[in-house]
Amino acid sequence: MTAYKHILNTVFASLIVAGLLGSGSVFARSDELSLVDGVLPADVDGSCYREAFCVHWKKTKTGVDAWLEALTAQPITILFKTTSKNLEGPVRDEPIIMDKPGITQVFRLRKASAATWEYGFKYYYHPGRPDQAKPDPDFVYELPFAKGKTYKVTQGFNGSTTHKKRESYAVDWNLKVGTPVHAARGGKVIGVSGSTSSQRRGHGNFIWIEHDDGTVGWYLHLRQGGTRVGLGQSVNAGDLIGYSGNTGKTSGPHFHFQVSMTVSGPNTWKTVPIKFRTSDGITGKIRSGDRHSRPN
Ligand SMILES: [Zn+2]
């Protein structure tokens with residue numbers, strides 16, 4: 001009899017998987033185990049993060065292994081947090097930086113005694129390498145919607161719902177599904193996905209634009225088929241890049257924007273303070289309930 005529990009729960013930029021398995025009688029000694037990169041066994045379970053990377057895992061009666069698969073040469077930093085009970089074996093618990101397609105083993109855990117074992121992991125990721133961005137505090141961003149349009153901030157900086165801690169400098173505006181989204185700052189498109197219709201988890205369809213100071217603009221919850229840029233494309237501030245939507249974990253249609261950077265801290269990334277040009281002047285105080293108009 002095998003008790004088996006599987007929870008797949010993506011919160012913003014993380015994934016939690018938990019398993020319980022309580023049978024079998026072969027125990028491994030952790031000093032006999034080592035991580036093996038470059039190989040992915042057959043019959044793995046997995047979850048791919050769009051076109052950027054996949055996390056694979058494989059459970060057997062004696063334990064569980066996990067691997068990270070990078071799909072592109074775009075540098076990305078991924079940090080796993082693994083918890084386990086009655087399992088032994090090597091775990092990569094430092095940030096993993098992937099910058100070419102390939103496989104890295106994240107953990108190799110085997111049961112340590114006849115008792116029930118369990119494990120769980122979640123991960124954090126951000127494009128780029130830790131601490132390389134040098135955010136320009138004086139840069140003035142354009143509001144990421146069409147000239148002459150006015151939208152209300154539904155969650156500002158240090159917002160009460162989700163814009164806290166590493167996400168303190170994110171902004172939500174009340175854009176309806178299908179509203180044009182424009183680049184807030186020029187740069188290079190390093191991530192783009194418009195394929196999902198899911199409204200259950202994660203940040204849905206998105207565009208990542210890397211700026212010349214190394215920071216990355218995140219344009220989230222775009223509608224299915226609502227991206228108008230391609231990977232590697234250069235964009236200028238003000239260019240039309242897509243259409244807002246209601247994909248990913250949302251409480252209704254809105255558009256989320258943040259500028260963030262990779263850090264070597266515990267969650268791999270943080271948002272950075274930014275300011276916008278509005279028809280009422282330049283402001284870096286973005287409060288819930290404010291209305292912003294983009295100058296003509
Ligand atoms: Zn938000």
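In this short talk I go through the zinc site, the disulfide and some of the salt bridges of the structure shown above.

Please keep in mind that this is a predicted model, in which local features need pLDDT of at least 70 and side-chain atom pairs count only at pLDDT 80 or more, while totals for chains, interfaces and linings use all residues. Residues are numbered from 1 along each chain as its sequence is written, and side-chain values use heavy atoms, with hydrogens and water left out.

Let me begin with the metal. The zinc ion has as its protein donors His 163 through NE2, Asp 172 through OD and His 256 through ND1, which lie 2.1 to 2.2 Å from the ion; donors here are N, O and S atoms within 2.8 Å of the metal (3.2 Å for Na, K and Ca), and since water is not among the atoms, sites may look incomplete. Along the chain, the spacing of these donors reads H-x8-D-x83-H. His 163 counts as buried, because its relative accessibility is 0%, and Asp 172 is also classed as buried, at 5%; buried means under 20% relative accessible area, exposed over 50%, and partly exposed in between, using a 1.4 Å probe and protein chains only.

Next comes the disulfide, meaning a pair of cysteine sulfur atoms within 2.5 Å. The count comes to one, and this disulfide joins Cys 48 to Cys 54, with 2.1 Å from S to S. The link of Cys 48 and Cys 54 is right-handed, with 95° about the S-S bond. Its two ends are placed in contrasting ways, as Cys 48 is partly exposed at 48%, whereas Cys 54 is buried at 2%.

Finally, the charged pairs. The whole structure holds ten salt bridges, each being a side-chain nitrogen of Lys or Arg within 4 Å of a carboxyl oxygen of Asp or Glu. One of them pairs Asp 99 with Arg 129 at 2.8 Å, N to O. Asp 99 sits in the loop between strands E8 (96-98) and E9 (102-111), and Arg 129 in the loop between strands E10 (117-127) and E11 (140-142), so this pair ties together parts that are 30 residues apart in sequence; strands (E, at least two residues) are DSSP runs, numbered from the N terminus.

In another salt bridge, the closest N and O atoms of Asp 212 and Arg 185 are 3.2 Å apart. Here Asp 212 is exposed, with a relative accessible area of 76%, but Arg 185 is buried at 4%.

Key
Helix = DSSP H or I, 4+ residues; strand = E, 2+ residues; numbered from the N terminus.
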